[in-house]
4 protein chains.
Amino acid sequence: MDVRISKGRFEAFSDGVFAIAITLLVLELHPPDLREPSSGALAAALLAQWPDYVVYAASFTTIGIMWFNHYALFHNAAAISYRALLGNLALLLLVCFLPFPTLLIGRFGLVAPAVELYSLTFVGLAVCFNILWYAVRPKAFGIGGVRGFIRTRTVWNTIGAAAYVVAAAAAFWLPVLSIVLIAAVAVYYMLPMSVRGALAASNE
Amino acid sequence: MDVRISKGRFEAFSDGVFAIAITLLVLELHPPDLREPSSGALAAALLAQWPDYVVYAASFTTIGIMWFNHYALFHNAAAISYRALLGNLALLLLVCFLPFPTLLIGRFGLVAPAVELYSLTFVGLAVCFNILWYAVRPKAFGIGGVRGFIRTRTVWNTIGAAAYVVAAAAAFWLPVLSIVLIAAVAVYYMLPMSVRGALAASNE
Amino acid sequence: MDVRISKGRFEAFSDGVFAIAITLLVLELHPPDLREPSSGALAAALLAQWPDYVVYAASFTTIGIMWFNHYALFHNAAAISYRALLGNLALLLLVCFLPFPTLLIGRFGLVAPAVELYSLTFVGLAVCFNILWYAVRPKAFGIGGVRGFIRTRTVWNTIGAAAYVVAAAAAFWLPVLSIVLIAAVAVYYMLPMSVRGALAASNE
Amino acid sequence: MDVRISKGRFEAFSDGVFAIAITLLVLELHPPDLREPSSGALAAALLAQWPDYVVYAASFTTIGIMWFNHYALFHNAAAISYRALLGNLALLLLVCFLPFPTLLIGRFGLVAPAVELYSLTFVGLAVCFNILWYAVRPKAFGIGGVRGFIRTRTVWNTIGAAAYVVAAAAAFWLPVLSIVLIAAVAVYYMLPMSVRGALAASNE
């Protein structure tokens, strides 16, 4: 009753989008607008735009982590349903959109509207990941049946989504809190990989 | 009498082009040109450019749907003929061209020439899809022989092409009608997926 | 005595480069710089930049044909030698460079230096294709042994390279001749596909 | 106790990033800013920006060599550990960053801060390659057990990293030395391929 899409082209297309989104980030780094390329002035100008490097590294790491989560999500799926295809398209739309609010923060600093747009993008990403997680989950059940893995991931996804909603709510009062929360979730998603690894290994 | 191209690189190349075309769309989003990054001014400027976000989402969804149709088109094809290769190249040329009229509408609004170019691009896309459909169809016959599926798709393709021709004809008198027609075809291509799904599932 | 590179990643990397080079071409199309988006002015401005569309279509088709030739070249190769890898890198370097002289011609018209750079790029591409052809040819012998196919391709490659050299020599006296020659070679590479197809089909 | 990532999507994602980073380089080539497209002025302007072509070719070759090293590194790995995944992400971050210092040198010449940033990027790349080498090495042991190959590569990696550190240290006193060192390492990595080839072939 539902289209089953073979994973080959689905993953190739998604990999392509992630790879391009992550590579386009460097286009946001502009050389300093200097007329006389004196060594001291260039060094000062390059050091002065350090926030751009931080934003570049942060966005790069974020998209990289999302790629890995995307990989883990579909690793056990035997085929892709049409609902998962639409959810994936929405996810990729937000992944590709992420450079825009990132650019705004790099340009204007931690101003409320930029942080709000940034936080809302992460809320949308979490919603898409949760939709995809529920659309793909039954297959993971069918293959490995590791309930613990699924329960853990459901908790993870809920905590991440909740943190992003709080970040979006806080953006207009305390933009710094929003950024700290989003960064904390990123670290949280990276740190417990030994746990995640043990679960994933037993699942294969 | 004809070259048979293995699907591997043909699909990898096409996937790459779709993935890049869909990702480049974000480059059309520019940060507001503000000197003083006051919170209120930035919020107002970001809200004022809402048509850009609509255009971004619409183009993203359109290319995503075309990718899926491309996937469905070649899913059952055992090999690619040289005619299909040329038709595919023409299709990709228009897919990659789509961001340009999209950008024009985002920049100038629903002005006749921009909408005309936009509509004509869709007419060209429909022509290419129909050429590809006729070039690839016999293989679908050979594998599943589901006449109903083929008849349905032929009807779909004809309706879509006809709607685009009407949109192109209307662009100089009633640009809004053209956009509504093109959007309606997009929704039409997304909605009957349960029907399409049932047919495709019985075809595998 | 020589590295043998498996074709998988070699072709994936090359496909990626071709796909990106062909997709980046649309970034050269700029919307007209109009303050008042009146319908007539926009139509006139869009029509006035018709050479850009021709250049876009020509470059797109050229890279598309080169992708197909690249596909045909390595289709029968069992593995990639290190020499072929270096030749391929030089080829991709020129494929990625092509948009630059194309952009020059689109910007300045058929001026001698732009056409010269354009022609020299094609001379370089032909040299790389010939080096690759000689590096890969023995494997084709080993698999199919179709001498006729190889003799035909050798003739083709020589004719193409000679035409490009003439185009490069003529660019400073008669730029139009250079462009006509390069276009003629492109048509020449597309037309005899029925012959090439018959040979390639018997080769599989 | 550790996630094992199948190589398919890991390599597809990495190939995509390398392919895009190498293709984006052409966007740094800008047409001369001329009002009157006279043939002589255009030729002079195109010749005057010869350093841009050198930088383009150098960056293209460097990323191409790194892609090949990346290929060789993971060719024998049966699966990717999570540590290797993070090291790979850091490597890709620097690969994608490389166009920025390259652009600075193309714009400002061999000024100390630009050369310093360029050299430090190569130090970072060497560190990442060494981390990856140690993370992936055990698997190579397991498959082929060619100790000589591993010892040679360890020596290579150490020499390369040391040369980059010297280049970074020299950048503020003698920028030319830094560039010569980095170029020498690139040539060094390309030249002994017959040795590397013999070892790699016996390893398969």
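Is Trp67(B) buried or exposed? Trp67(B) is buried, because its relative accessible area is 2%, where buried means under 20% relative accessible area, exposed over 50% and partly exposed in between, with a 1.4 Å probe and protein chains only.

## Basis of the values

This is a predicted model, in which local features need pLDDT of at least 70 and side-chain atom pairs count only at pLDDT 80 or more, while totals for chains, interfaces and linings use all residues. Residues are numbered from 1 along each chain as its sequence is written, chains are lettered from A and ligands numbered from 1 in the order in which they are written, and side-chain values use heavy atoms, with hydrogens and water left out.

## Aromatic pairs between chains

A pair of aromatic rings is described by the distance of the centres and the angle of the planes. Rings of Phe, Tyr and Trp (for Trp, its six-membered ring) pair if their centres lie within 6.5 Å, and planes under 30 degrees apart count as stacked, over 60 as edge-to-face and the rest as tilted. By this rule there are 44 aromatic pairs over all chains. One of them is the stacked pair of Phe13(A) and Trp67(B), with 4.5 Å centre to centre and 15° between the planes. The pair crosses between chains, from helix α1 (residues 7-24) of chain A, which holds Phe13(A), to helix α3 (residues 50-75) of chain B, which holds Trp67(B); helices are DSSP runs (H or I, at least four residues), numbered from the N terminus. Phe13(A) is buried, with a relative accessible area of 3%.

Phe97(A) and Tyr53(B) form an edge-to-face pair, at 6.3 Å centre to centre and 85° between the planes. Because Phe97(A) lies in helix α4 (residues 82-97) of chain A and Tyr53(B) in helix α3 of chain B, this pair also joins two chains. Phe97(A) counts as buried, at 10% relative accessibility. Elsewhere, Tyr53(A), Tyr56(A), Phe60(A), Phe97(D) and Phe100(D) form one aromatic cluster.

In helix α2 (residues 39-48) of chain A, the residues Leu42(A), Ala43(A), Ala45(A) and Leu46(A) are buried. They lie on the same side of α2(A), because they cover an arc of only 165° around the axis, the arc being that of the directions from the helix axis to the C-beta atoms. On the other side of α2(A), Gly40(A), Leu47(A) and Ala48(A) are exposed.

## Relation of chains C and D

Chain C is superposed on chain D by a rotation of 90° with 0.0 Å of shift along its axis (RMSD 0.0 Å), the superposition being by least squares on the C-alpha atoms of residues with pLDDT of at least 70 in both copies. That is the relation of a four-fold axis. Of the residues of chain C, Gly16(C) comes closest to the rotation axis, at 4.3 Å (C-alpha).
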